[in-house]
Amino acid sequence: QEAKDEGDECFGVNNDGVTPTTDDAGLFDLIADEPSILATFSGHDHCNDFCCLHNGQHLCFGRHSSYGGYSCSGLAHEHGVRVIE
């Protein structure tokens, strides 16, 4: 949420809002200190499929990959997954 609020570079589909944790327990500091980590991916907000570059890290939502849970009317893409090569 902080990345979006601060106007960081973001791209993709954001149709579901963001449900952030109230305390990252130092996770983002650990990620920032590890140069081999280039991106972090999360899923839960089914209608989101976007990434933001925040403090040098790509923070990304994964696309809704299954047919369970809730659907998203007007979503600009089909169910799927993100492939990292």
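**Strand contacts, an aromatic pair and a charged patch**

Asn-48 lies in strand β3. The model in which this residue is described is a predicted one. With a relative accessibility of 0%, Asn-48 counts as buried, because the term applies to residues under 20% relative accessible area. In the sequence, Asn-48 is 35 residues away from Val-13.

The chain has 85 residues, and buried residues make up 25% of them.

Strand β1 covers residues 9-14, and Glu-9 belongs to this strand. Glu-9 has a relative accessible area of 56% and is therefore exposed, since the exposed class holds values over 50%. Glu-9 can also be placed relative to His-54, from which it is 45 residues apart in sequence. The C-alpha atoms of Glu-9 and His-54 are 7.6 Å apart in space.

A search of the whole structure for aromatic pairs finds one. The pair consists of Phe-50 and Phe-61, whose ring centres are 5.1 Å apart. The planes of the two rings stand at 45°, so the pair is classed as tilted. This class takes the angles that remain once planes under 30 degrees apart are counted as stacked and planes over 60 as edge-to-face. Phe-50 is part of strand β3, residues 48-54, whereas Phe-61 is part of strand β4, residues 57-61. The pair therefore ties together parts of the chain that are eleven residues apart in sequence. Phe-50 and Phe-61 are both buried.

The segment after β4 includes Gly-62. At 23% relative accessibility, Gly-62 counts as partly exposed, because this class lies between the limits of 20% for buried and 50% for exposed. Gly-62 is 15 residues from Cys-47 in sequence, and the distance between their C-alpha atoms is 9.5 Å. Val-83 is also located in the segment after β4. Val-83 counts as exposed, because its relative accessibility is 63%. Between Val-83 and Gly-62 there are 10.0 Å from C-alpha to C-alpha, for a separation of 21 residues along the chain.

Five residues, Asp-23, Asp-24, Asp-29, Asp-33 and Glu-34, form a negative surface patch. One of them, Glu-34, is found in the loop that runs between helix α2, residues 27-32, and strand β2, residues 39-42. The relative accessibility of Glu-34 is 35%, so this residue counts as partly exposed.

Terms used: Residues numbered from 1 in each chain as written. Predicted model: local features only at pLDDT ≥ 70, side-chain atom pairs only at ≥ 80, totals over all residues. Heavy atoms only, no water. Patch = residues over 30% accessible without salt bridge, like charges linked within 9 Å, V, L, I, M, F, W, Y side chains within 5 Å. Areas by Shrake-Rupley, 256 points an atom, 1.4 Å probe, with all protein chains shown as cover. Salt bridge = Lys/Arg side-chain N within 4 Å of Asp/Glu carboxyl O. Lys, Arg positive; Asp, Glu negative; His and termini not counted. Charge placed at Lys NZ, Arg CZ, Asp CG, Glu CD. Helix = DSSP H or I, 4+ residues; strand = E, 2+ residues; numbered from the N terminus. Buried < 20%, exposed > 50% of the residue type's maximum accessible area, 1.4 Å probe, protein only. Phe/Tyr/Trp six-rings, centres within 6.5 Å; stacked < 30°, edge-to-face > 60°.
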